[in-house]
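Have a look at the model first.

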Amino acid sequence: MITYNETVIVDEGVHKQWLSWVKTEYIPMVIKTGFFNSFKILNVLDSPNEGVTYCLQFFTDSREKYNEYNVHHF
């Protein structure tokens, strides 16, 4: 299994709106590509950064699928 991780620091004033957008638009768009099987949204506690830190993790079966995603979606 391969985990693709995106770490995002969001301003505290907009993090609820951002999280709603991620759940309703961004994650479904990434999953719809067909390269990932599942995902997790993690909130990083005690982050040294200002704002709210989230990790978005997307899981795939192979490095080839991950590489293919990078070729077509970056």
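What follows goes through the sheet, the helices and some individual residues.

A word on the source: this is a predicted model, where local features need pLDDT of at least 70, side-chain atom pairs count only at pLDDT 80 or more, and totals for chains, interfaces and linings use all residues. Residues are numbered from 1 along each chain as its sequence is written, and side-chain values use heavy atoms, with hydrogens and water left out.

Let's start with the sheet. Three strands make up an open, antiparallel sheet, ordered β1-β3-β2. Strands here are DSSP runs of E with at least two residues, helices are runs of H or I with at least four, and both are numbered from the N terminus. Two strands count as paired if DSSP finds at least two bridges between them. Because β1 (2-10) and β2 (38-44) each have a single partner strand, they stand at the edges and one side of each is left without a neighbour in the sheet. From one strand to the next, the twist averages 20°. The pairing of β1 with β3 (residues 52-60) runs over nine bridges, and Ile2 sits opposite Thr60 in β3.

Now the helices. Contact means heavy atoms within 4.5 Å. Angles use axes fitted to C-alpha atoms, for helices over the stretch in contact, and run from 0 to 180 degrees between N-to-C directions.

| Helix | Lies across | Angle |
|---|---|---|
| α1 (residues 15-32) | β1, β2 and β3 | about 15° to β3 |
| α2 (residues 63-73) | β1 and β3 | about 45° to β1 |

How far apart are the end C-alpha atoms of α1? They are 24 Å apart, which agrees with the 26 Å that its 18 residues should span at 1.5 Å a residue; the expected span is 1.5 Å times one less than the number of residues. Still, α1 has a kink of about 45° centred on Val22, where the bend is the angle between axes fitted to the seven residues ending there and the seven starting there.

Buried means under 20% relative accessible area, exposed over 50%, and partly exposed in between (1.4 Å probe, protein chains only). In α1 the buried residues are His15, Trp18, Leu19, Val22, Tyr26, Ile27 and Val30, and they pack against β1, β2, β3 and α2. An α-helix has 3.6 residues a turn, so residues three or four places apart point the same way. After α1 comes Gly34, with a positive phi near 85°.

On to the loop between β2 and β3. Asp46 lies there and has a positive phi of about 55°, although it is not a glycine. Asp46 is exposed, with a relative accessible area of 80%. Asn49 is found in that loop too, but at 37% relative accessibility Asn49 counts as partly exposed.

Gln57, in strand β3, is buried at 19% relative accessibility. Leaving aside neighbours within four places in sequence, Gln57 touches Thr3, Tyr4, Asn5, Ser38, Phe39, Lys40 and Leu42. Gln57 and Leu42 are 15 residues apart along the chain, with 7.9 Å between their C-alpha atoms.

Last, the charges. A salt bridge is a side-chain nitrogen of Lys or Arg within 4 Å of a carboxyl oxygen of Asp or Glu, and the count comes to one. That one joins the side chains of Lys65 and Asp61 (3.6 Å, N to O). Lys65 is partly exposed, at 30% relative accessibility.
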